[in-house]
Amino acid sequence: MISKYRVERDTLGEVKVPIDKYWGAQTERSRNNFKIGRKSSIPIEIIRSFGILKKATAYANFYFGILSKKKKDLIEKVCDEIISGKLDDHFPLVIWQTGSGTHTNMNVNEVISNRSHVLTGGKLGISKSYIHPNDDVNMSQSSNDTFSTAMYIACYKKLVEKTIPAIRKLRDSLEKKAKLFRNIIKIGRTHLMDATPITLGQEFSGYVSQINHGLNSVEKTLYSLSELAIGGTAVGTGLNSPKGYDVKVTEYISKYTGYPFKASSNKFSSLASHDAMVESHGAIKQIAVSLIKISNDIRFLSSGPRSGIGEIFIPENEPGSSIMPGKINPTQCESIIMVCTQIIGNDITISVANSSGNYELNVSKPLMSYNLLQSSNLIADSCKSFSSLCVEGIKPNYLKIKELLDKSLMLVTVLNTHIGYEKSANIVKSAYKRNTTLKEEAVRLGYLTTEEFEKIVDPSKMI
């Protein structure tokens, strides 16, 4: 019978590892010791960022003359495979591991080592690789600075490449509606009660402004995320790394990614706390809070079709009930509300996790990066969906808008400066009690003539 395992060794002894996997003993120990939430894997974005990082460190070590060109070239080749996603199946670990991310750092080191062995003609389990996971792949590094660096690279790239563009797409969709609806006069509402007139475009312009402020907040956090901990090694002193190593590695990372990463000016802070993660997620939470408000407004404005407000129509995407024929629900609004609620919860998690630093090291790094990446992905996907499947299809219900505007008692507000607050209030109370119009009561009470009322109470002059 052919064995399904091979024997790998580390400083604690022998470990059986699946025969077809590139990871080694330390990865397998973590896989067996942390069988917690198997679906909560280390995000693949972290792994691919490790590929960028390990490639950069190999080049830096070669630059400083402490790693041979042959080893540098081999490490680079495997890193390119990691970055491209060819080796995704060889990173099995979950976020519920050591808080420094050491197990994932070693997972990457072992995969690079064993894959290098195969690329040079070797066979897994037969002999040690020419590339050592600690001495070569991890040269001039510690898990403490590599995981901190990889998670910043991953989060920065995610925000720039996916999250920010998706939020902009939603912002642009809302802005188009704001311009399209700019001349549609409707009744405003405060405290869920009738208020003075507003245009539908003005209402939507408020949503655009909220999103713009949130986008501005997210973009500002990129500066903090661009400061990388690499070069701090174990506690921030840079022990076992060459002078200038941090700057050289970040130069290579910037070259490979096209983004302006830089060496952190204080490695002690970069290892012990991750305030940049709190800042970035806080900005994402800001947008999430705004989106809950916006999506609630849209679903309330579209409520009905006959017993709600019904001032706008939203797309009919799916049947809304298994028992009520013809029912349509505001599903995109409900979906994004749930997503944003999750993000608010993630923000609490990140806040607590960042406070879990002891002396020279934060020990919740995998959890923080997992939650920030999850929120970044969720809000991006939701914004795209909400934009294309809801906002872009919104249409005004002109008849309902006019009906509610004409019936509103708060149009009386404009009379304050003509007949005073108390007389204006009398008109409202009388119209509501007698189920008549403002004009009828203003004339009946002798406050204004029909002509005077019609001249003053013009919604188009009240916006």
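This is a predicted model: local features need pLDDT of at least 70, side-chain atom pairs count only at pLDDT 80 or more; totals for chains, interfaces and linings use all residues.
I started with helix 4, which is mostly covered, with 15 of its 18 residues buried (buried: under 20% relative accessible area with a 1.4 Å probe, protein chains only; helices: DSSP runs of H or I, at least four residues, numbered from the N terminus). Residues are numbered from 1 along each chain as its sequence is written, and side-chain values use heavy atoms, leaving out hydrogens and water.

I checked the length of helix 4 next. After the helix comes Gly121, with a positive phi near 100 degrees.

Within helix 4 (residues 102-119) I picked out Asn109. Is Asn109 buried or exposed? It is buried, at a relative accessible area of 0%. Leaving aside residues up to four places away in sequence, Asn109 touches Lys54, Pro133, Val137 and Asn138 (contact: heavy atoms within 4.5 Å).

Then the cores. The largest nonpolar core holds 96 residues, and Ile46, Ile253, Leu291 and Ile298 have the most contacts inside it (core: buried Ala, Val, Leu, Ile, Met, Phe, Trp, Tyr and Cys joined through side-chain atoms within 4.5 Å). Helix 6 (residues 143-180) supplies the largest share of this core, 15 residues. A second, separate core has 18 residues, including Ile187 and Leu409.

On a 1 Å grid over protein atoms alone, a cavity is where a 1.4 Å probe fits but cannot get out, a pocket is an open set with protein on both sides within 12 Å along at least five of seven lines, and lining residues have an atom within 4 Å of a point. Volume is the space filled by probe spheres set on the points, joined across faces, edges and corners.

Last, the largest pocket: about 690 Å³. Its lining has 25 residues, with Leu405, Asp406, Lys407, Ser408 and Leu409 nearest its centre. Helix 13 gives the most to this lining, four residues.

Conventions
Buried means under 20% relative accessible area, exposed over 50%, partly exposed in between (1.4 Å probe, protein chains only). Helices (H or I, at least four residues) and strands (E, at least two) are DSSP runs, numbered from the N terminus.
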